[in-house]
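This report describes a sheet, a core and a surface patch in one protein model. Please look at the sequence and the structure before reading on.

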Amino acid sequence: DATAPQLLASTPIDGATGVAVNTNITLTFSEPVYAAAGSITIHRSDDGTIVEAIPATGGQVSGVAAGTTTITVDPIGVLTGGTSYYITIAAGAFQDTAGNPYAGIVDSTSLNFTVADTTAPFLVSSTPADGATGIPSETNLVFTFDESVYAATGEVTIYRSEDSTVVESIP
């Protein structure tokens, strides 16, 4: 056997979006593989920062002791919602029964994904400020959130504080 194992599939798949924050990484190879030397490394896509380096021989990688085509990597931490990541795998981190090493992944584009943003935005400040008085009637309403937001369904409703009468509803 002179053929090195090939990565056939992964979960999450390359380019996936909406990935769960607590996802495991599953790697499916062309033949049974065993752990050798090296790590599976999770990087932030925006700046390449290493989030976690997981040794192939460590307890966070299952399936490697028995030699199987499916390897599961269980990151310790939870990934951040709304963030893009990429995975690198050191050359030789896995090998087949004949000792042929897996070539690895060394770039930022072969296995990347974006984690779902599961945290609702919250209002940080507004103009006019809550409880403000003496505000001119032509003052625009300005809302500042903790993250970028986009118009969706619903409306902003302005009420008269004295009697809760609707003054205006803005879609």
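Strands here are DSSP runs of E with at least two residues, numbered from the N terminus. The model is predicted, so local features need pLDDT of at least 70 and side-chain atom pairs count only at pLDDT 80 or more, while totals for chains, interfaces and linings use all residues. Residues are numbered from 1 along each chain as its sequence is written, and side-chain values use heavy atoms, with hydrogens and water left out.

**The sheet**

Two strands pair if DSSP finds at least two bridges between them. An open sheet contains five strands in the order β2-β10-β8-β4-β5, and its pairing is mixed. Its edge strands, β2 (16-19) and β5 (50-55), each pair on one side only. Ignoring direction, neighbouring strands of this sheet are turned by 25 degrees against each other on average; the angle is taken between axes, which are lines fitted to C-alpha atoms.

| Strands | Sense | Bridges | A bridge pair |
|---|---|---|---|
| β2 and β10 (residues 112-115) | parallel | two bridges | V19 and V115 |
| β4 (residues 39-44) and β5 | antiparallel | five bridges | S39 and P55 |
| β4 and β8 (residues 84-89) | antiparallel | five bridges | I42 and I87 |

β4 and β5 form a hairpin with five residues between the strands, and in this hairpin G48 takes a positive phi near 80 degrees.

**The core**

A nonpolar core is a set of buried Ala, Val, Leu, Ile, Met, Phe, Trp, Tyr and Cys residues joined through side-chain atoms within 4.5 Å. Buried means under 20% relative accessible area, exposed means over 50%, and partly exposed lies in between (1.4 Å probe, protein chains only). The largest nonpolar core has 25 residues, and L27, I71, I89 and F94 have the most contacts inside it. At least two residues of this core come from each of β2, β3 (25-35), β4, β7 (68-73), β8 and β10. β3 supplies the largest share, four residues.

**The surface patch**

Which residues make the nonpolar surface patch of about 530 Å²? They are L123, L141, F143, F145, V149, V156 and I170. Patch residues have over 30% relative accessible area and no salt bridge, and their nonpolar side chains (Val, Leu, Ile, Met, Phe, Trp, Tyr) are joined within 5 Å. A salt bridge is a side-chain nitrogen of Lys or Arg within 4 Å of a carboxyl oxygen of Asp or Glu. F143 lies in strand β12 (residues 142-145). F143 is partly exposed, with a relative accessible area of 39%.

Terms used. Axes fitted to C-alpha atoms, helices over the stretch in contact; angles between N-to-C directions. Patch = residues over 30% accessible without salt bridge, like charges linked within 9 Å, V, L, I, M, F, W, Y side chains within 5 Å. Areas by Shrake-Rupley, 256 points an atom, 1.4 Å probe, with all protein chains shown as cover.
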